[in-house]
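Work through the exercises below with the sequence and the model open. Each task is followed by a stepwise solution.

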Amino acid sequence: MSAQDATPIGEARTTAIPGASAAASEGLTSYRVLHITWRVLLYAVLTLVGATMLLPLLWMISTSLKEPGEVLLLPPKWISIPPQWGNYPRLFDVLPFDLFLINSIKIAVFATVGALLSCSMAAFAFARMRFPGKNIIFAIILATIMIPFHVTLIPLFKLYRDIGWLSTHLPLTVPFFFGTAFGIFLMRQFYLTIPQEMVEAARIDGCSFIQIYYRIFLPLSKPGLATLGIFTFLGSWNNLMGPLIFLTKVETMTITLGLTLLTNQSGGRWELIQAGAVISILPIVVMFFIGQEHFIQGIARTGIKG
């Protein structure tokens, strides 16, 4: 083939490459536009769903700042001008909500500490120690999760009445120092993610199981402990059935029981009831944001190994 014959071919090739590049660039631009459009639509849908889920919370806060005649207006009035901030101090004049808050914090803290201590130790035994009947005992503990609280309510009431624990906070705190089935299972699953080689190396260095527990497992299990602590604190804080059965004196009542009492005594003052509800969720929100990072890590890691 001569040089003259080769020239048109080379020219054709050089003219075809820019066209292909332009088509590829146009296709890439279209893909990027489509990708960005889908992401914008996805975020818009997620924002709409999130706003819908926050709507009851916003309505609760809005109602707590309204005057009595504005709560049931149709169409509803979202913002009261000026906001009635006086509903919050007025709430403490109707009932001793400061005492209810102290009682709830006391019970939730003691229950959380008891669950962390007992469940972490029991879970370590089931995860790393060998003893006869370990799997059978663990299966029995897990089986107790399926027993409804109402089944054991009457026997527990009679037991606490016989030992003089009624109208005290002991029935709501002491049982957590003996472990919970869910807490033991959660911490055991987390401990199983810690390599066995670390245990064997510690045993070679002369560490006992107690030393392995508090020197290796506890420092490495902060996400699991944070997850269990948040679950226990929330469950104890939001508990209504237990305080309703075991607490009969006003000075021992919790915030959930106080809200129920306020509903009966306020005469339909919904702005006061919603103000009490706002106060009751503040410790939960603060605790969640403090332990959010460890909470997410604990949930993720407890499902890695079973």
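**Exercise 1.** Classify aspartate 162 as buried or exposed, then find its salt-bridge partner.

Step 1. Aspartate 162 has a relative accessible area of 59% and is exposed; the classes are buried under 20%, exposed over 50% and partly exposed in between, with a 1.4 Å probe and protein chains only.
Step 2. The partner is arginine 161, with the closest N and O atoms 3.7 Å apart. A salt bridge here is a side-chain nitrogen of Lys or Arg within 4 Å of a carboxyl oxygen of Asp or Glu.
Step 3. Arginine 161, at 46%, is partly exposed.
Step 4. The count under this rule is 1 salt bridge.

The model is predicted: local features need pLDDT of at least 70, side-chain atom pairs count only at pLDDT 80 or more, and totals for chains, interfaces and linings use all residues. Residues are numbered from 1 along each chain as its sequence is written, and side-chain values use heavy atoms, leaving out hydrogens and water.

**Exercise 2.** How many disulfides does the structure hold?

Step 1. The criterion is a pair of cysteine sulfur atoms within 2.5 Å.
Step 2. The structure has 0 disulfides.
Step 3. Cysteine 119 is buried at 0%, and cysteine 207 is buried at 18%.
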